[in-house]
Amino acid sequence: MRNSLEKLKLLGKMPNEDLDNDSHLSNKYRELLMEIEEPISIEMGYALLSFLPSKRFYGLEFEILSKIETIELNNEKQMKSYENLINSCPNEEIRDNLIVGYENWKEDC
């Protein structure tokens with residue numbers, strides 16, 4: 001998992017989706033994201049958020065969202081950390097989706 005994170009760091013932040021970004025680049029991000037074992041930690045969540053594009057990148061922003069939603073929340077401290085993580089999300093669409101998912105999760109608890 002750490003190896004995948006290091007390779008993602010080498011690729012850097014995902015660019016916004018456009019015609020200049022080839023499928024090879026998006027496939028590389030996808031492969032590395034799929035290698036990350038779930039559930040992830042809050043720290044891994046912050047690392048993954050740093051790769052988010054400001055808009056879209058071939059749906060991979062939702063791969064990151066799904067990884068973040070695997071973070072286990074077993075107490076108030078973890079819930080507060082998760083809220084801080086959500087609030088730090090640089091992608092408005094993903095942040096809004098994380099908020100909705102978190103609110104739904106809290107209702108179900």
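Me: Which residues in H3 are buried?
Reply: Buried means under 20% relative accessible area, with exposed over 50% and partly exposed in between (1.4 Å probe, protein chains only). Helices here are DSSP runs (H or I, at least four residues), numbered from the N terminus. In H3, the buried ones are Ile42, Met44, Gly45, Ala47, Leu48 and Leu49. Six of the eight residues of H3 are buried, so this helix is largely enclosed by the rest of the structure. Keep in mind that this is a predicted model, where local features need pLDDT of at least 70 and side-chain atom pairs count only at pLDDT 80 or more, while totals for chains, interfaces and linings use all residues. Residues are numbered from 1 along each chain as its sequence is written, and side-chain values use heavy atoms, leaving out hydrogens and water.

Me: What covers the buried residues of H3?
Reply: The cover includes helix H1 (2-11), H2, H4 and H5.

Me: Let's take H3 and H5, then. At what angle do they pack?
Reply: Two packed helices are described by the angle between their axes and the distance between the axes. The axes are lines fitted to C-alpha atoms, for helices over the stretch in contact, and angles run from 0 to 180 degrees between N-to-C directions. For H3 and H5 the angle is about 5° and the axes are 10 Å apart. That makes H3 roughly parallel to H5 (under 35 degrees is roughly parallel, over 145 roughly antiparallel, 65 to 115 roughly perpendicular, the rest oblique).

Me: And which residues of H3 and H5 meet?
Reply: A contact means heavy atoms within 4.5 Å. On the H3 side you'll find Ile42, Gly45, Tyr46 and Leu49, and on the H5 side Gln78, Ser81, Tyr82, Asn84 and Leu85. Sorted by class, this contact has five nonpolar, four polar and no charged residues. (Ala, Val, Leu, Ile, Met, Phe, Trp, Tyr, Cys and Pro count as nonpolar, Asp, Glu, Lys and Arg as charged, and the others, Gly among them, as polar.)

Me: How do H5 and H6 cross?
Reply: Helix H5 (residues 76-87) and helix H6 (residues 92-108) have axes that come within 9 Å and cross at roughly 155°. H5 is therefore roughly antiparallel to H6. Met79, Tyr82, Glu83, Ile86 and Asn87 of H5 make the contact with Arg95, Leu98, Ile99, Tyr102, Trp105 and Lys106 of H6. Split by class, that's seven nonpolar, one polar and three charged residues.

Me: H4 packs with H6 as well. How far apart are their axes?
Reply: Their axes are 10 Å apart, and the packing angle is about 30°. So H4 is roughly parallel to H6. Here Glu61, Phe62, Leu65 and Ile68 of H4 touch Glu93, Ile94, Asn97 and Leu98 of H6. The tally for this contact is five nonpolar, one polar and two charged residues.

Me: How many aromatic pairs are there?
Reply: Rings of Phe, Tyr and Trp (its six-membered ring) pair if their centres lie within 6.5 Å, and planes under 30 degrees apart count as stacked, over 60 as edge-to-face and the rest as tilted. By that rule there are four. One of them joins phenylalanine 57 and tyrosine 58, an edge-to-face pair at 5.1 Å centre to centre with 70° between the planes. In another, tyrosine 102 and tryptophan 105 have ring centres 6.0 Å apart and planes at 15°, so they are stacked. Those two sit three residues apart in helix H6, about one helical turn. Tyr29, Phe57 and Tyr58 form one aromatic cluster.

Me: Is phenylalanine 57 buried or exposed?
Reply: It's buried, at 0% relative accessibility. Tyrosine 58, at 31%, is partly exposed. Tyrosine 102 is buried at 4%, while tryptophan 105 is partly exposed at 32%.

Me: What is serine 26 in contact with, leaving aside neighbours within four places in sequence?
Reply: Serine 26 touches Phe57, Tyr58 and Leu60. Serine 26 is in helix H2 (residues 23-35) and is buried at 5% relative accessible area.

Me: Last one: where is leucine 52?
Reply: Look in the loop between helix H3 (42-49) and helix H4 (60-68). Leucine 52 is buried, at 0% relative accessible area. Beyond its neighbours within four places in sequence, leucine 52 contacts Lys13, Glu61, Ile64, Cys89, Pro90, Asn91 and Ile94.
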